[in-house]
Amino acid sequence: MMKNKWVAILLIAVLAILPGTFSLMVPPKVEAQTASASTTTHSWQVSFIETIKESKITGDNVYVTNSKNKKVLATITLEDDKKTLIISDLVPGSYKLHVNKEAFALSGTKTASQVIPFTIIEKLEAVKSEKELQQYFEALLANHSQKELDYETSVEMASSEDKASAKDASTTNNQVEGVEEGDIVVVKDDFIYAVKDQSITVVDAKDPKNLKLATTIKLKGSQYISKLALYNNLLIAIGDEYLEKAATSMSTATLYDISNPKNPKFIREVGQEGYLQDIRITNDTLYLIGNMYPNYWMLREQKAPDLKPKTFDSLEGKEYKSLPLEKISILPNTMDGTYSLITAIDLKNGAKTTANTKGYLGGSSGLYMSENALYLTTPIYDGSAAVPAAGRITDMIWMPRTTDTQVFKWNVDGTAMNFVGTTKVKGSVLNQYSMDEYEGNFRIVTTEGNMWDEQNISRNHLFILDENLQQLGAVKDLAPGEKVYSARFMGEKAYVVTFKQVDPLFVIDVANPKNPTVLGELKIPGFSNYLHPLDDTHLIGIGYDTEQRYDANSKRNFTVTTNMKMSLFDVSDFQNPKEQSSVKIGGKGSYSDVQYNPKALFRNKEYNYYGFPVVLYEAGKGDEIVYKGQGAQIYEITADKGIVLKGNIINESTGEQYENWEQLVQRVVYIDDALYTVARNEVKSYRLKDFKQLDTLTIK
């Protein structure tokens, strides 16, 4: 095994840097074409396990030939890692990259010259035949390169604001203005809608002193609701349904007319096979984004199984239909066998018109959406292999270095979705708040490596890409040995929190996309899981406090979390950020959903209130923790006064060892002058100005 390690050098990834470029090396040959790509130059990237000599990148040692085996002019650039080549300035067509063994630093009998075929295709078009689709999956089976990805899907969804309503009420803590997300509790016209397993509880909150159960919307027994969203008089229930006969799951959107909240009317149900990743609503359109993993292993048992995703639309009948081939494409540089599915539903006119589903072979685990573009990301894991050409024994499997992230972009206009292109950035992305679009440029923060690996310490990067996903600028190697715990973009500034033993808050100027610059840094104990803008020069950070301990066995210090912590950061002097105010919440073991789900953040502009559900513990004997109570806390946060606790709505423990799941506050919302805490089995109302309890509604 070891002596074969240096037999040859194989490319790590066949990556199309610019939109519209495509390259795939799998036998049998599978060509994927795209729709609507806009590009002026085309680049292709390949990485090797061995270092390349920059001085040897000459026409004799490294060059490109076309389909007629003639040398062609191309720009060949060596990346900073000295193992990655970028080939640019090629027109669409079939090519071969030639790298003679003399170009490698370790040239000799243990290396071999490489001839690597690749293709530049300008447009991503639909799969043309069942045979082509089947060949794609046969290639996966033939090369045993499939790896199941762990999808870190976010369930942090939120509600939408009714712009026509004169009422002042809670709205979504959305990341992007104008792009709604879903949540488990939404508010509209004095009614509260809350998810409870296979049903939606509708609470009449017109009189906060006399809460009433208006109705309960029950879905199918096999359907579980994960989030709700609002659009005008539509209530949208997002869920998952398991189809036992078909042995598969569907992600569903069930739409109701709530013009009369006490008597919601079913309008439509739309579904796509697989599991939901997230939803967004923008420009009168609902987008369902998910993944579907086809059982292509059936190819070994059947000659031609149907490997196309299923879709459902109640307006078209009761049958589940396979997605037509013209709606399926193969994304560049993906051989993981998973579909990314995107369903776009026109919500205008009662959502009774267009629903458009497209399937893209190439799974995804993260997403960011602006009003005009959708970005999906997928991790490139250590061990996922580019496949050698058939019969080339000297080519070796991918010898990966670190986990990177592949980014895909679509321009969206209502139900029209046009694939723009793809690129790769170093490192892995934490969550949607590590991504942002500003003036057409895409910004992304990543962590490369493992912070516990002392031989190859972690590093953090910020990349800025143009509308065609070409890199404009970057800040690299932030906080070596640490990882990103939270990030937030605010126009021309970016804020990044990293952590291992202390919490550095970095202030980064991203006004010039070609030259982003670190302006300042603040180091304090603890870390923030979530950053929220208070105003242009102040940030709220929510996370944990920490303390240092000593391990007598290893004779090393280590860090443990203690209580929750909320900080107010003053960044008015960008070069000298300060922790202006902070509060400790509970003791060791205390937690809140808001630390990992920003949709749990309560906000009220009139009172400058910010709050969240909370479960309180404190340290006991040894490593034990003692349950103290659960409920919600509301803080007044201003630049002048800092952080002041105003409402401590806690049900204290009367001897219980743990919190009661049914009574846990899931969300805090307000309507006019009343505040409401929503749990699975009860809704409580309070006076907003002084938090005096007004009523309790028990939900059975």
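Predicted model: local features only at pLDDT ≥ 70, side-chain atom pairs only at ≥ 80, totals over all residues.
1. Aromatic pairs. Searching the whole structure gives 24 aromatic pairs. One of them joins Tyr433 and Tyr530 in an edge-to-face arrangement, with 5.6 Å from centre to centre and 75 degrees between the planes. Tyr433 sits in the loop between strand E28 (428-429) and strand E29 (435-438), while Tyr530 belongs to strand E37 (residues 527-535), so this pair ties together parts that are 97 residues apart in sequence. Tyr433 is buried at 4% relative accessibility, and Tyr530 is buried at 3%.

2. A stacked pair. The rings of Tyr607 and Tyr609 count as stacked because their planes are at 15 degrees, with the centres 5.0 Å apart; the cut-off for stacking is under 30 degrees. Tyr607 is partly exposed, at 22% relative accessible area, whereas Tyr609 is buried at 4%.

3. An aromatic cluster. Tyr136, Phe137, Tyr293, Tyr296, Trp297 and Tyr339 are linked into a cluster through ring pairs.

4. Lysines over rings. Lys483 places its charged end over the ring of Tyr485, 5.4 Å from the ring centre. Lys493 lies over the face of Phe574, and here the distance to the ring centre is 4.3 Å.

5. Glu180. This residue is in the loop between helix H1 (130-143) and strand E9 (185-188). Glu180 has a relative accessible area of 14% and is therefore buried; the cut-off is under 20%. Its side chain makes a polar contact of 2.9 Å with the side chain of Asn174. Glu180 and Ile279 are 99 residues apart in sequence, yet their C-alpha atoms are 8.5 Å apart in space.

6. Asn356. Strand E23 (residues 355-361) contains Asn356, which is buried at 12% relative accessibility. The side chain of Asn356 reaches the backbone oxygen of Thr415 at 2.9 Å. Beyond neighbours within four places in sequence, the contacts of Asn356 are Lys327, Ile342, Thr343, Ala344, Thr415 and Met417.

7. Nonpolar cores. The largest nonpolar core has 36 residues, and the members that touch the most others are Ile542, Met566, Ile585, Phe612 and Ile637. Setting aside neighbours within four places in sequence, Met566 is in contact with Ile540, Gly541, Ile542, Ser581, Ser582, Val583, Ile585, Phe612, Tyr635, Ile637 and Ile643. A separate second core holds 32 residues, including Val186, Tyr256, Val669 and Tyr676. In soluble globular proteins, nonpolar side chains tend to be buried together.

8. Strand E33 (residues 483-490) runs antiparallel to E34 and is joined to E34 by seven bridges. E33 and E34 form a hairpin with two residues between them, and Gly491 in the turn has a positive phi of about 65 degrees.

Terms used
Residues numbered from 1 in each chain as written. Heavy atoms only, no water. Phe/Tyr/Trp six-rings, centres within 6.5 Å; stacked < 30°, edge-to-face > 60°. Helix = DSSP H or I, 4+ residues; strand = E, 2+ residues; numbered from the N terminus. Buried < 20%, exposed > 50% of the residue type's maximum accessible area, 1.4 Å probe, protein only. Lys NZ or Arg CZ within 6 Å of the ring centre and 35° of its normal. Polar contact = N/O pair within 3.5 Å; in protein donor to acceptor, adjacent residues only side chain to side chain. Core = buried A, V, L, I, M, F, W, Y, C linked by side-chain atoms within 4.5 Å. Contact = heavy atoms within 4.5 Å. Pairing = 2+ DSSP bridges.
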